[in-house]
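Hi,

Here is the structure I promised to pass on.

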Amino acid sequence: MAQVKFGLIGCGDAGGFHVMSSKDNPDSSVRYVAAHDINDKVLARFSRLHKLTPYAELGKFLASDIDAVLLAVPHYLHASLAKRIAEAGKHILCEKPMATTLEECDEMIAAAKKASVKFMIAENHRFLPAHKLVKQVIEEGLIGDIFLGRAYEGAFVPSRVFLDADNWQFTFDKGGGGVVADQGCHKFATLNWMLGEVDKAQCWLGKALNSPPNKAEDSAIVLLRYKSGAMITVDVSSVTVHPLTNRMELHGTKGTILEDHAWENPVSIFSSHDKAQVKGEFYSPKVEHGVYPKYYLISAREEDAHFADCILKDQHPEFTPEQAKQAIAVTLLSYLSAKKGAPASMSELATIAKTKGTKSILDGLDRAIQRNYDAMHWT
Ligand SMILES: NC(=O)c1ccc[n+]([C@@H]2O[C@H](COP(=O)([O-])OP(=O)(O)OC[C@H]3O[C@@H](n4cnc5c(N)ncnc54)[C@H](O)[C@@H]3O)[C@@H](O)[C@H]2O)c1
C-alpha cells in the first residue's frame, strides 16, 4: 500500500498518540519516520522508543525525505512553524487549536495555499466514529431540527501542569488562554459541524485551582446561540476528577441524541422518525469506540489516515482550515463575552479583527476570571 512519510515536530503527549495510532499497522497509509524537538533529551528518548530518526535541527528535519509534518507544539508556535513547514514544501497536519488569533489562522491558510501543500488541523473530534454517527443521524433527519443541546468535556489534568508557571499549557501568552482555548475548541469544531455557524456567545470563566497569574481559566461555561436558532451550553473543565471524557446532548423536533464517551457504546438515539432503526425507544447502534485513552488512539488513527489519503489522492481534507478558524472564532467570541460580562456577537468580533486585532481580546482577560478556589479543598 502507498504510504505517506510523516515527520513529527513536538515529541510530547499528542505526538505520542499520533505515532502510536499507526505504529504496529503495516497496512496503514501513515508511516512516522522522523522527529524534531527543541528538547534534546525528549527527542532522543521519543525517537528511540518509536524508532524514528531524530533531528535536533529544524532545517535538517525539513530537508529530509518526509512528505508531511505533524505539528504538535505549544499553541503560540503553530502559526510560525506551519509557515516554515509550508515553505519547505511539506504537507501540514497541525494539532488543535489552529492558532491563538484569527490573524494567525489567516497567515497559516495563506502560507499553505502559496506553497500548494495540503493543510489540515488535527481536530480528532471531527474523526471520532461516535461523532461521525451523530452527524449522520442528524443528516438523515432522525432527530429533526435541533433547538437545544449541551456539550461537556472534562479532563483531570495533573495539578502540576496548572501550578507550574513555566509549563506553557493554559497560559495566556503561550496557550492562548485556558480551558476554552484548549478543550473548548474541540466542542466548537464539533458543534459547528453539526449546527452551522455561531451567532452569539455568553461565557463565564473560573479558576477552581489557585494557579499562578500567568495561567488562565481551568473551568468555563459558554452559552452559544447558533444562526439556526439552536441554543447550546458548553461546559469545559481541566480539573474535574475523572478520566478524560466527553458528553453531548442534542434535542430536535423529532428526537434526541445522547452521547457519552465513558460508555462502551457511546451514542444513544431516540427518534419518532419513520426511518428510525427503533421507533419510540432509545437505541444504540454499534460504533467503534473505547473509553479514554482508546478513543484518542482511534480518532488519531482516523485523522492521520484521512490526511494521508488526501495527499495520496490529491483531495481536500474534509475538515477545512476555514472551519478550524471558525472554531477559533468561537473561542475568541467566548473570551470577548467574558470580558464584557455580557453576550458578544460575531459581528463585534469581526469589527475587532478589522481594527485592533483579535490578540487584544486576551489583554486583561485575567480580570474576567472568577476565583472560586478559596472555597475548594483539593488536598
Ligand atoms: N487532540 C487532542 O485531544 C490533544 C491532546 C493533547 C494535546 N493536543 C495538542 O497537541 C499540541 C501539543 O500538546 P502536548 O500536550 O503534546 O504538549 P507537550 O508539552 O506534552 O509537548 C510539546 C512538545 O513540543 C516541544 N517543543 C516546544 N517548543 C518547540 C519548538 N520550538 N520546536 C520543536 N519542539 C518544540 C516540547 O519540547 C515538547 O516536547 C497542542 O496543540 C495541544 O493542544 C491535542
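What volume does the largest pocket have? About 1400 Å³. A pocket here is an open set of points on a 1 Å grid over the protein atoms alone, where a 1.4 Å probe fits, with protein on both sides within 12 Å along at least five of seven lines; lining residues have an atom within 4 Å of a point. The volume is the space filled by probe spheres set on the points, which are joined across faces, edges and corners.

Before going on: this is a predicted model, where local features need pLDDT of at least 70 and side-chain atom pairs count only at pLDDT 80 or more, while totals for chains, interfaces and linings use all residues. Residues are numbered from 1 along each chain as its sequence is written, and side-chain values use heavy atoms, without hydrogens or water.

Back to the pocket. Domain 1 (4-122) and domain 2 (126-296 + 325-373) both give residues to its lining, so the pocket lies between them (the bounds come from an automatic or database domain assignment). There are 48 lining residues, and Gly12, Asp13, Ala14, Trp168 and Gln169 lie nearest the centre. Helix α1 gives the largest share, 5 residues.

Helices (H or I, at least four residues) and strands (E, at least two) are DSSP runs, numbered from the N terminus.

β1 (residues 4-9) has 5 of its 6 residues buried, so the rest of the structure largely encloses it; buried is under 20% relative accessible area, exposed over 50%, partly exposed in between (1.4 Å probe, protein chains only). β1 runs parallel to β2 (residues 30-36), with 6 bridges, and parallel to β4 (residues 68-71), with 4. Strands pair if DSSP finds at least two bridges between them. Phe6 is bridged to Tyr32 in β2 and to Ala68 in β4.

Most residues other than glycine have a negative phi, and most peptide bonds are trans. Lys96 and Pro97 are joined by a cis bond, omega about -20°, and so are Tyr292 and Pro293, omega about 10°. Lys51 has a positive phi, near 55°, and is exposed at 72%; Ser116 has phi near 50° and is exposed at 62%.

Cheers
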